[in-house]
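Student: I am new to this structure and would like to be guided through it. May we look at it together?

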Amino acid sequence: MLDTALAGLVNGSSYALLALGLSLIFGVANVINFAHASVFAVGAMSGWWFSVDLGWPLWTVLLGVMAVTGLLGLVINLVAVTPLAKAPPIAALLSTFAVSVVVDNGAQLVFGPETRRFPALLATDNLGLGGLRFGTLDVTILAVAIGLMLVLGWFLRATRYGRAIRAVAQDRDAAAQMGIPLARVQNLAFVVASVLGGVAGVLGGMYLNNISPTVGSTVGMSAFAAATLGGLGSLPGAVAGGLLLGVVEAFGVSWWGGNARTLITFAVLLLVLWVRPSGLFGKRSPLAAEPMTGTFFGAARTVRLRPWQVAVAAVAAYVVPAVALDDYTVQIGVQVVVYAILALSLTLVSGQAGQISLGQAAPLAIGAYTSALLTTGTGLDFWLSLPISGLVAAVLSVALVSPSWRLRGHYVSIATLATGLLVAAAAVNFDWLTNGPSGVSAIPPPTLFGAPVSAPLAVYFLDLTILLVVLLLVVRLRRSTLGRIWSAIREDEVAARSSGIAAAEYKSLAFGIGGFVAGIGGALFAQQYGYIDPSVFGISVSLLALTIVVLGGLNSPLGAVVGAIVLVGLPEALRMLEETRMLTYGLLLLAVVLFRPQGLMGKVAR
Amino acid sequence: MTVLEVQGLRRSFAGLRAVDGVSFGIDQGEVVSVIGPNGSGKTTALNLVSGVLRPDEGRVLFQGRDVTGLRPERLAEAGLSRTFQNGRVFGNLSVAENVLIGLTPTLRAARPLARWRDIPVLRWLSLLAETAVALVDPPSVRRELAEREAEVESQLDRFGDRLRPRAEAAAHTLSYANRRRTEIARALASGPALLVLDEPTAGMNPVETAEVLEQLLALKAAGQTILLVEHKIDLVMRLSDRVLVLDAGTVIASGPPDEVRNDPRVIEAYLGKRRPAVRP
């Protein structure tokens, strides 16, 4: 019992350090810094390099890592946050998300993707206290973490810049009026937060024993959960949330095994968002903030094709692959089509209704599993499984996300992120249903008029037809009264509600229809590969879907298709490596957010 | 007939009593204004009445029905429309679409089974029916939309040539005054039983303010019941049947404009207390 609690506290102290940084940045810059997870990873990797390759002792390792990650924090702020200070919140959310992808995959290219042993540098089992066994390492981790927290507390209370940070966090405008240099204070906050994050990386690396360049994404997500649990923006909350989550995870792992860790983390996160979104220590402002997407696509109008142009494009999409392309290229076309369907579901949810989803892989996975399990387990016909997949995906995604409807903006995105990760974790953990990590194989191809649809061209025609139906559906919805109601919610939820629009219900409806479409896409996905496992539906799929719609134009159905061609078709055709591909996605997303927020298919109105 | 009846409304923020036991009533066709120094709780009182905030204590009766704590969308459907202090329009929608959104509570064909909206789970039947209608776009919906668009035209006409030429322009391209007009047109579109205006002339110059006053007087003449929060005393005095003065969250005076204007407590709240004469 005590062993587990101590292990939880030690692990939780890394979460607490990371969560402190997240809350500090949220307070000062009002940004959820998704790149903070990567700071942890860079801290761990550079710490590994300093200690293993360069053979430095622990204290110089810590100082070196602090320098590296402090600089990284500064760069993150200058590249991804400061330039977007006047843009709506979604811009900085997307850009820091993009930076995290760039940093994680850049680190993979530099260090190599493999997992390596992190030397403990200190003894792990040399001390005892009344039957409780622990090591110098545990004591050191706790001491360093607590020491840093105390230093941070002193810095914020007793120094001029610390007070400036607190003043900016309380009221940015008033602080600026009093002559506080906002830019410098924000830089400082990022540096301080990232120094803490880097140290957390070294401590976490020593504790975990194994690290890889992507270690940040798992630990980082736990830190998000911890910061939200404590109350975003609250520093005591971040510490309490981190330690509490560490202990809860430790007990969960000791009862249900290591795979359960992510499941527990995201279940806790979702539960907090449902029950007490302001966290344990957070304050919730009684009045709503400004809309999340605001005029992000403001002044932008989507390109509209004339009917004959649409007809020509559709005919070409059928004819060209049939006469001119080889099987390999047609298979790429199939992937493009499936991702276009997934992206269209986001066009509806994020573009039309303004709810930024970072977890659209969830309904895709649910649809894929539903179809795969029904067709292999019960022998149900694919054509029957298709609508059922859509329906199950719709119902589950609404059930998971809609309790968060009283939240707005950032919190909705965190809830969707947690949902996406929770579904992936559930697919790993619920063996009895999903066959666990090994996945479902031998999924039969659909049949049409008694013949199996398995040749690439046949699959392509089938998927393309469904894509056109979905496209028609999305376009018609956009032009209807319902579409106008969603737009109003996107533009200003408070005003929409005061005009008689039940915002929560319509947001649920958007997620439901989006989930249905994504679920259909998932069923096609499963049939197309004949094999699925949980790793296929990771966060990278959600990221890709979001990048596709942002690149194409968040509010443009046509943009979803063009974005899928550019982001799925081109890398595949160029046979890019996985890491380079992810790196490219990240860089592209960053570039679009910074330089062309209306997307490829958005026009700038004057 | 009483349109709105507010009884003992209280609401605190972190220990500060923003609204502390406010009661008042508004009769059919009356224009009641709420005035008071900055921070006296006027906007909070409006937010409590219109469902944007929940009261800690007290009751709000709207057309005889207890609507305390009802969500703003339900109040809007029941016939209480409002505008906001800082002017909230839908920036990327056109002026005409903004006003069309105001007509949402009046839609029947486009929002089938709307009565089921209050029932959990079953409300999905209504939502799905609405989706189906949106996809099919039957003649009844098109006819209804054409009717509502005609109504939008007449709402825009209310503001003369201010909004008509800009009907298709996106709301974010409008001048500040025109945004406020768009917002008022949106609030009026559904023919509300009570119109709640939060500083409709904030940020307007004297000419624009006079124009809004004329429009509000015309509304009053047509029998519109109005609850108004406003700083510009001249406008309040000319428009109101009754004036309520708030200070530190409580009503310190109420009555006809002339009476309130000369009430010593009101003068004190606005200008401060006269210091007692200093004895030599």
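Student: How far apart do the C-alpha centres of domain 1 of chain B and domain 2 of chain B lie?

Tutor: This is a predicted model, in which local features need pLDDT of at least 70, side-chain atom pairs count only at pLDDT 80 or more, and totals for chains, interfaces and linings use all residues. Residues are numbered from 1 along each chain as its sequence is written, while chains are lettered from A and ligands numbered from 1 in the order in which they are written. Chain B is divided into domain 1 (1-89 + 176-275) and domain 2 (93-173), with bounds that come from an automatic or database domain assignment. The separation of their C-alpha centres is 27 Å.

Student: Which element gives the most to the side of domain 1 of chain B that touches domain 2 of chain B?

Tutor: Two residues are in contact if their C-beta atoms, placed from the backbone, lie within 7 Å, and 14 residues of domain 1 of chain B are in contact with 17 residues of domain 2 of chain B. The elements giving two or more residues to the domain 1 side are α2 (72-78) and α6 (176-189) of chain B; helices (H or I, at least four residues) and strands (E, at least two) are DSSP runs, numbered from the N terminus. With 9 residues, the element that gives the most is α6(B).

Student: How do the residues of that side of domain 1 of chain B divide?

Tutor: Ala, Val, Leu, Ile, Met, Phe, Trp, Tyr, Cys and Pro count as nonpolar, Asp, Glu, Lys and Arg as charged, and the others, Gly among them, as polar. On the side of domain 1 of chain B that touches domain 2 of chain B, the division is 6 nonpolar, 4 polar and 4 charged.

Student: Which helix gives the largest share of the side of domain 1 of chain A that touches domain 2 of chain A?

Tutor: Chain A is divided into domain 1 (10-214) and domain 2 (300-604), and their C-alpha centres lie 34 Å apart. The contact takes 18 residues from domain 1 of chain A and 17 residues from domain 2 of chain A. The domain 1 side comprises 14 nonpolar, 4 polar and no charged residues. Its largest share, 14 residues, comes from helix α4 (residues 89-111) of chain A.

Student: Which element of chain A gives the largest share of the side that touches chain B?

Tutor: Between the chains, 27 residues of chain A are in contact with 33 residues of chain B. The elements that give two or more residues to the chain A side are α18 (456-479), α19 (481-491), α20 (493-498) and α21 (503-529) of chain A. That side divides into 13 nonpolar, 8 polar and 6 charged residues. The largest share, 7 residues, comes from α19(A).

Student: Why is L63(A) described as partly exposed?

Tutor: L63(A) lies in helix α3 (residues 58-81) of chain A. L63(A) is partly exposed because the number of other C-beta atoms within 10 Å is 13.

Student: How far apart are the end C-alpha atoms of helix α23 (residues 557-573) of chain A?

Tutor: The expected span of a helix is 1.5 Å times one less than its number of residues. The 17 residues of α23(A) should therefore span 24 Å, and this agrees with the distance between the end C-alpha atoms, 23 Å.

Student: Which elements do the buried residues of α23(A) pack against?

Tutor: The buried residues of α23(A) include P557(A), L558(A) and V568(A). They pack against α13 (327-352), α18, α22 (539-552) and α24 (578-595) of chain A.

Student: What is the mean pLDDT of chain B?

Tutor: The predictor's confidence in each residue, from 0 to 100, is the pLDDT. Chain A averages 86, and 95% of its residues score at least 70. In chain B, 97% of the residues reach 70 or more, and the mean is 89.

How values were computed:
A residue is buried if 20 or more other C-beta atoms lie within 10 Å of its own, exposed if 12 or fewer, and partly exposed in between; C-beta atoms are placed from the backbone.
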